[in-house]
Amino acid sequence: MWVALGARRPLGFMGLLWVGLAGLMMAGETQALPSFARQTGSACSACHVQSFGPGLTPYGRQFKLNGYTWSNGESNLPPVSALIEGSFTNTKRDNPAIVSSQQPDKNSSLHNRGYNANNNFALDQASLFYGGKVYGKAGAFVQMTYDGVQDRLALDNTDIRVADQATLWGQDLVYGVSFNNNPSVQDLWNTTTAWGYPYASSRLANTPGAAPIIGSFGGQLGGASLYTMINDLVFLEAGAYGSFSKNAQKSMGNYDPRTVDGGAPYWRVALQKDWNGHYFSVGQFGFRANVFPDPLNHTNTDRYTDLGVDATYQYLANMDHIFELKGSYIRESQNLAATQSAGGAAKSNQQLNAAALNASYTYQQTYGVTFGYNRIGGTKDTVLYENNISNKPASEYFTAEASYVPFGKHNSTAAPWLNLRFAVQYVAYNKFNGGDRNVDPSGVATRASDNNTLYLNTSLSF
């Protein structure tokens, strides 16, 4: 069953409704929020593999599935938390986007805000969360974020749920509805675009230009989906998204000139099983959207159909030594009729594909290492990818990360009031925007490896 929102026009009324809901929540990425720990009486390590960050354990997935409402009844405090995140970024060569801005005829908001072409310290974000039970069977994860790099305040990831349990024809069910603002932000697995690895990355480094559309609309869409988990084995979800109105987007700090025409369906199917600490899941997800790329021209749309598959393995039999393997593949079919008619593409029918794989080891939910691999490929187009040396979207890179989370366990200092994470990450590119050399038209970065990035990150949650 599809829940269609905003047929043929932006969600003016729905946008106002969302603003009102967000304001209600605030009046009183899923991080390991201390508010969740206070509400449940469980440490952050019960829900999060590395005691901090989006990576979930089976218990964490169940907590989210059941609408963030589980409680031990001992805390009378409002479920409010905060997060501050700072970083240092170094790239192998200067970032072309910031270098070019130092030329007299160029302008870059990053350069104007005092960032250098390389070696930058930054306040990545400062966020306020409502995370936990609202009333009865309703719960919420609502994030308001100040982006220190972009100097912008916005309503960030939001997932408001109503969930319950029942037995039907001898089958145990968890069922509910999610109201959210980012396709896949409500997902239980760390393989989709909203919560996939890397969980944090530099906003001051040059990154590949092409990516599936499912991950590009965070905050600009409003959606609702119905879901159920059957016998803790089969997960089914279906819903749809529509664009917030221009005024609603601006009021939430998330304006995007693109507009989704009508309702954009989203669906998710997954199978999961835990065999004595060996957890497996395999799934399929999809998103289809007709998009007006030009806010002033609604003659034609670009049609995107994203079909994804994913899988997860977690070894949790010995919590001192946790191993994880996660992967996903998205194939996007594109009909770029509007872009082609405006001269932005040589042909209308195109393909884009994105593959991601990562493996991690965590010791005592305190020390973690993760290795990731990503590949982006697609159709050659001399106009759409005119600045790419091969006229293709091709990019390929590896990510290595080490992290340390001293708190977040039952016996930790200031539990459950404080959590802290230190991480060092390195991204190495084999291909970047079409090839391994001559990858930047300005000539600043001549090889893909010139975009290699060292990223030091510290996050404090309280």
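**View 1. Arg421 and its partner Glu401, a salt bridge across two strands.** In this predicted model, Arg421 has a relative accessible area of 9%, so it counts as buried. Glu401 comes in at 10% relative accessibility and is buried too. The closest N and O atoms of the pair are 3.1 Å apart. Glu401 belongs to strand S15 (residues 395-404) and Arg421 to strand S16 (residues 419-431), so the bridge ties together distant parts of the chain, 20 residues apart.

**View 2. Arg161 with Asp159, another of the salt bridges.** Here the closest N and O atoms sit 2.7 Å apart. Arg161 is buried, at 2% relative accessibility, and so is Asp159, at 1%. Searching the whole structure turns up 10 salt bridges; elsewhere, Asp187, Arg268 and Asp310 join up in a network of them.

**View 3. Arg437 and Asp436, a partly exposed pair.** This salt bridge has its closest N and O atoms 3.9 Å apart. Arg437 has 42% relative accessibility, and Asp436 has a relative accessible area of 42%.

**View 4. The largest nonpolar core, made of 16 residues.** Ile213, Phe217 and Phe287 are among the residues with the most contacts inside this core. Looking at Phe217, its contacts beyond four places away in sequence are Asn181, Asp256, Arg258, Val260 and Val291.

**View 5. Helix H4, tucked into the rest of the structure.** Of the 8 residues in H4 (residues 58-65), 6 are buried, so the helix is largely enclosed. Phe63 and Leu65 are among those buried residues. After H4 comes Gly67, with a positive phi near 85°.

Terms used:
Residues numbered from 1 in each chain as written. Predicted model: local features only at pLDDT ≥ 70, side-chain atom pairs only at ≥ 80, totals over all residues. Heavy atoms only, no water. Core = buried A, V, L, I, M, F, W, Y, C linked by side-chain atoms within 4.5 Å. Buried < 20%, exposed > 50% of the residue type's maximum accessible area, 1.4 Å probe, protein only. Contact = heavy atoms within 4.5 Å. Helix = DSSP H or I, 4+ residues; strand = E, 2+ residues; numbered from the N terminus. Salt bridge = Lys/Arg side-chain N within 4 Å of Asp/Glu carboxyl O.
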